[in-house]
Amino acid sequence: MTLTPEGYRPRLIDDRLAKHIKAFGAVSLEGPKWCGKTWCAENVCNSEFKLTEKTGPLKNRDLVESNPEIALRGEEPHLIDEWQEVPSLWDDVRNEVDRVGRKGCFILTGSSVPKRETYIHSGTGRIAKLDMRTMTLFEMGDSAGSISLNDILSGKLNNMDCGEPSLDHIANLIVRGGWPSDIGLDPEYYGLTAKQYVKESVEDACRLDGKNRNREKMRMLLKSLARNESTLASDSKVMEDMKMYEDSTITSPTFSEYSDCLNRIHLIEDTPCFRPNIRSEWRVGKTPKRHLTDVSLAVAAMEIGKERIMSDLRTFGFLFESLCEHDLQLYSEYLECKFFHYRDGRNREIDAVIESPDGSWTAVEIKLGPGQIDSAAESLLKIKEQFEKEGQAPKNLVVICGMTRYAYKRPDGVMVLPITALRP
């Protein structure tokens, strides 16, 4: 009998975790705090050991440092929660997996990534790594799930009425984000979780590896990254942004170190650039698209609320794009697809690219208002025509719109749908 918590809400990653625990000796479930890693692991585990709790008067972390075997004891699959508190446990788990020669021995969960030198072996072949993120609208219950991304990738879309959209509702979803603890929360309290998360993340990042970093600079860096959410801003652009808006300067080495800290606590989730397998004289961009791990964190870091978002449609648009791309990435991974954005030397840009296992790809434009659908479709059709000349056109063209009531396929073949109707 597993440790499944009462009221556990199924997650998209459940299936992947179940498959990996049957194929590997151990699985490391990694992601931001409060995204539900422990509950997800408990759903398949029969015993657990939590490094951040106490056994009697002693901290579990201290017990394990003196006797690592304590953390390894338990009925399989056995959960070791927040293993990074004692990084050497990674090697202990790997050695135990080698010793017993069985699959499904351990699940490790961690909210930060220790420096590589704190453990010896990579775990390759023994410990599989799975990235976990905050919840999608479908998992939270805010998407009707009437449209399947799997069908979209096959070119299928039935015309349907998905219900009247509301800017106020979309803004609420952005401010709240995908935190499991906020399911069923009164909208009056949306955003409080993200604000607390930002506050604690600055502290966590500044104390990582036992160092004492400048909290104000870390806070200003996070705020600048938030202002550049869902853009292709370079590192130098983010540094200039800090100087312009916060009157805070930062050197390149410090920027790299602080960004690495935010990345290691799973606060940054940049989207790589798509590189189609074509022979072209035009340079394909390499700049990733900036994202924090949840759109609500960008709102919290910028210290704005729903009213401010709704009064600034440009910012609203970038945040809506981030909300959609978060969900599209998780749906894509569930379907074993890869997720990118695209930009090249001819200023051709695509908000999102989904590459299927067979190599075909789908181009997606994301727009907040219905008045932008025609221009988005026109842009996608032009890009398809150009790629056809170069030998690898997208299989499908999609516009995701925040304020469309209907899902439909246009006469030109472009599919239009609301994010609040989508599922994997």
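**The ring cluster and the sheet**

Mentor: Phe274, Phe340, Tyr342, Trp361 and Phe387 are joined into a cluster by ring pairs. Rings of Phe, Tyr and Trp (its six-membered ring) count as a pair if their centres lie within 6.5 Å; planes under 30 degrees apart are called stacked, over 60 edge-to-face, and the rest tilted. The model is predicted, so local features need pLDDT of at least 70 and side-chain atom pairs count only at pLDDT 80 or more, while totals for chains, interfaces and linings use all residues. Residues are numbered from 1 along each chain as its sequence is written, and side-chain values use heavy atoms, with hydrogens and water left out.

Next, the sheet. Seven strands make an open sheet with mixed pairing, in the order β9-β14-β15-β13-β12-β11-β10. Its edge strands, β9 (160-161) and β10 (338-343), each pair on one side only. Helices (H or I, at least four residues) and strands (E, at least two) are DSSP runs, numbered from the N terminus; two strands pair if DSSP finds at least two bridges between them. Strands β14 (residues 406-409) and β15 (residues 415-417) are joined by two bridges in the antiparallel sense, and Tyr408 stands opposite Val416 in β15.

Two helices come next. Helix α15 (residues 313-334) packs on the sheet and touches β10, β11 (349-355), β12 (361-367) and β13 (396-401); contact means heavy atoms within 4.5 Å. The direction of α15 makes about 155° with that of β12. Helix α16 (residues 373-390) lies across β10, β11, β12, β13, β14 and β15, at about 160° to β13. Axes are lines fitted to C-alpha atoms, for helices over the stretch in contact, and angles run from 0 to 180 degrees between N-to-C directions.

Back to the rings: there are eight aromatic pairs in the structure. One of them is Trp83 with Trp90, whose centres are 5.0 Å apart and whose planes meet at 40°, so this pair is tilted. Trp83 is buried at 3% relative accessible area, and Trp90, at 1%, is buried too. Trp361 and Phe387 have ring centres 5.2 Å apart and planes at 80°, which makes the pair edge-to-face. That pair links distant parts of the chain, Trp361 in strand β12 and Phe387 in helix α16, 26 residues apart. Both of these residues are buried, buried meaning under 20% relative accessible area, exposed over 50%, and partly exposed in between (1.4 Å probe, protein chains only).

Phe387 also has a charge over its ring: the charged end of Arg348 is 4.5 Å from the ring centre. The criterion is NZ of Lys or CZ of Arg within 6 Å of the ring centre and within 35 degrees of the ring normal.
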